[in-house]
Amino acid sequence: MTSTKYNDDLGMRAAISQASKSYAEGGIPIGAALVSHVNGESTVLAASHNKRMQQNSAILHGETAALEEAGRLKASVYRTCTMYTTLSPCDMCTGAILLYKIPRVVIGENATFKGAEDLLRSRGVEVVNLDSEECKEMLRRFISEKPEEWNEDIGEV
C-alpha cells in the first residue's frame, strides 16, 4: 500500500482499524483517517468511523466523523492532507472534502459502493483506489448480516 510520496499504509491502516472498531460496536464498518503530509512526514491528525448506528446520527459517516474528530483546523492544514477512507465517499462526504479543499483521497475500495469520485476528480482532487480485499470483505459481511442498515446508510429504500 505504501506510496513513495505519501505514507498510504499509515493512513489506510488507521482507517481499517476504525472500520473494525465500528463493526465491533455494532455499527457500519467504514473508517476514515485524515493524514497530514509535511516535509516527508505523515501524521494522523484524526481517525474515526461511521457512527450512524451508535450515535443515532444522520451525518456521521467515516469521513465526516474523522473531520469532526480533527476539530477546527486552519485552511492551510487541510491543503497538506489526504483523506483515507475504507469505502468510496458518498456525496455528503465528498462535499466536505471539497469544502475543505483536501487535495487527495485514498479509498480502500469502490466495488461495494461507488461514490462521487468523478466529482472529486473534476474538482482537481487526486483519487486513489487501493481495491482492498480486506475492505471489501468487511462490508460484504456487514451487508449480509444487516442489509436494511446498509441500505439506510447509503440512502436506499
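I began with burial: His37 counts as buried because its relative accessibility is 14%, where buried means under 20% relative accessible area, exposed over 50% and partly exposed in between (1.4 Å probe, protein chains only).

I noted what I was working with: this is a predicted model, in which local features need pLDDT of at least 70, side-chain atom pairs count only at pLDDT 80 or more, and totals for chains, interfaces and linings use all residues. Residues are numbered from 1 along each chain as its sequence is written, and side-chain values use heavy atoms, with hydrogens and water left out.

Next I asked myself where His37 lies. I found His37 in strand E1; strands (E, at least two residues) are DSSP runs numbered from the N terminus.

I then followed the pairing. E1 (residues 31-38) runs antiparallel to E2 (residues 41-49), with eight bridges; two strands pair if DSSP finds at least two bridges between them. The two strands form a hairpin with two residues between them, and Asn39 in the turn has a positive phi of about 50°.

Last, I listed contacts (heavy atoms within 4.5 Å): leaving aside neighbours within four places in sequence, His37 touches Tyr6, Asn7, Ser42, Thr80, Cys81, Thr82 and Tyr84.

Technical notes
Helix = DSSP H or I, 4+ residues; strand = E, 2+ residues; numbered from the N terminus.
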